[in-house]
Amino acid sequence: MHLEVVMASPSDVSRAGGGTRLIDKRAAATLVFASPSTEGNEAVMHNQPLAGAVALVTGAGSGIGAATARRLAGEGAAVTLVAHRRDRVTQVASDIARQGGEAVALEADITEADRADDMVQDTLDRFGRLDILVNNAEIMLFGSALHATVEEWDRMISLNVAGLVHVTHAAVPHLIYAATTSPRQVADLVNVGSVAGRVARAESSVYGLTKSGLNVFTESLRQELLRERVRVSLVEPGAVDDAQENRLGDSAGDATRRPIDGIEGLRPEDVADAISYIVTRERRVAVNGMLVRARDQIW
C-alpha cells in the first residue's frame, strides 16, 4: 500500500508516483491517497459489480459512511471518502487499501459551496469520472424549541441541507456523463435520510425538518434525472448504535444523543448493505427508496 498525506496549498495540480499525490490550488482541504499494494493483490477486484466505477461518500470517517466506503470498495469501486476529521478518514482509506482497494481521503467542509465543488473536482482529477454519490454526512442535535439554541439549529440546516445540496449540485453533471459513458450505462445518487423524516418526535423538530425535506428533494431529483439514466434513491435508517459518531465521523457528545430505548440498534454495516444493494442492481432496476429499521424499533 502507498499512503501519502498532502496539505493542500496554493499550487498547481501535480502528480507523482503513479498518480498517488495531488495538490490542487482550489482545495482548502487535506488530501490523502491510498492505493493498493502490488504485492499479493493480483487477484483482487476481479469480477465485481462495481469494477471500474468511482464512488464518492460523505461523512465517511466512521459508522455508516465508513462502512459504505468499505463495502463499495469491496464491490470493486474506487472510492473518495470525505469527512471533517483527517485522522479517521485517513484510517478508513488505509483499511481499504490494505484490502486491495483504492481510496482517496479528503478532509473538507461541505457546508461551503466552493469546497464541495473542489471535492468533486478532486475526485475527477484522481479517477477521471464519478459514477456513484452517497450523501451521508449529517448532524443531529436534540433539544426543545425552548432550550435549543439558534446556533444548533443552524448547524443542522447548514450540514444536513446546504452541505448535501452543494455536493449534489457539483456532482450531477458528472453523474450524467458517467451514465452515458460507462459499461454500466447508469449512475447512482443515494441520499441517506432517517426514519425521522417520516415520524415526528419531540426535541428533534429541526432535525426532522431536514430529513422530511430530504424525502421531497430526493423524489424531485429522481423525476428530473430519470431520462439521464441517473438513479436517485433514499435510504432511511432507523435506530443505529452510536448514530452521531457514525454520521459525523466524530462524537458530538452525550448532550446530542438520545437513547434507543434499550433495543438492539442497527449496525452501520446494515445500512451499507442497503446502499450496496441499490447501486449494484442491473441498469433496468431502480430501487428508489429503502426504510431500514432495527427489528424491535416501534417508531
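This is a predicted model: local features need pLDDT of at least 70, side-chain atom pairs count only at pLDDT 80 or more; totals for chains, interfaces and linings use all residues.

Reader: What share of the residues counts as buried?

Author: 53% of the 299 residues.

Reader: And the secondary structure? How many helices and strands?

Author: 7 helices and 9 strands.

Reader: Contacts next. Of those between residues at least 6 apart in sequence, what percentage joins residues at least 24 apart?

Author: 73%.

Reader: Back to the surface. Which residues gather in the patch of negative charge?

Author: Asp 241, Glu 264, Glu 269 and Asp 270.

Reader: Where is Glu 269 found?

Author: In helix H7, which covers residues 268-279.

Reader: Why does Glu 269 count as partly exposed?

Author: Because its relative accessibility is 45%. Partly exposed runs between the buried limit, under 20%, and the exposed one, over 50%.

Reader: New topic: backbone. What's the phi of Gln 185?

Author: Positive, about 55°, although Gln 185 is not a glycine. Gln 185 sits in the loop between helix H4 (150-181) and strand E7 (187-192). With a relative accessible area of 33%, Gln 185 is partly exposed.

Reader: Which loop holds Glu 203?

Author: The one between E7 and helix H5 (205-225). Glu 203 is partly exposed, at 45% relative accessible area.

Key
Residues are numbered from 1 along each chain as its sequence is written. Side-chain values use heavy atoms; hydrogens and water are left out. Patches are made of residues with over 30% relative accessible area and no salt bridge: like charges are joined within 9 Å, nonpolar side chains (Val, Leu, Ile, Met, Phe, Trp, Tyr) within 5 Å. Accessible areas come from the Shrake-Rupley method with a 1.4 Å probe; for residues, only the protein chains shown count as cover. A salt bridge is a side-chain nitrogen of Lys or Arg within 4 Å of a carboxyl oxygen of Asp or Glu. Lys and Arg count as positive and Asp and Glu as negative; His and the chain ends are not counted. The place of a charge is taken as NZ of Lys, CZ of Arg, CG of Asp or CD of Glu. Helices (H or I, at least four residues) and strands (E, at least two) are DSSP runs, numbered from the N terminus. Buried means under 20% relative accessible area, exposed over 50%, partly exposed in between (1.4 Å probe, protein chains only). Contact means heavy atoms within 4.5 Å.
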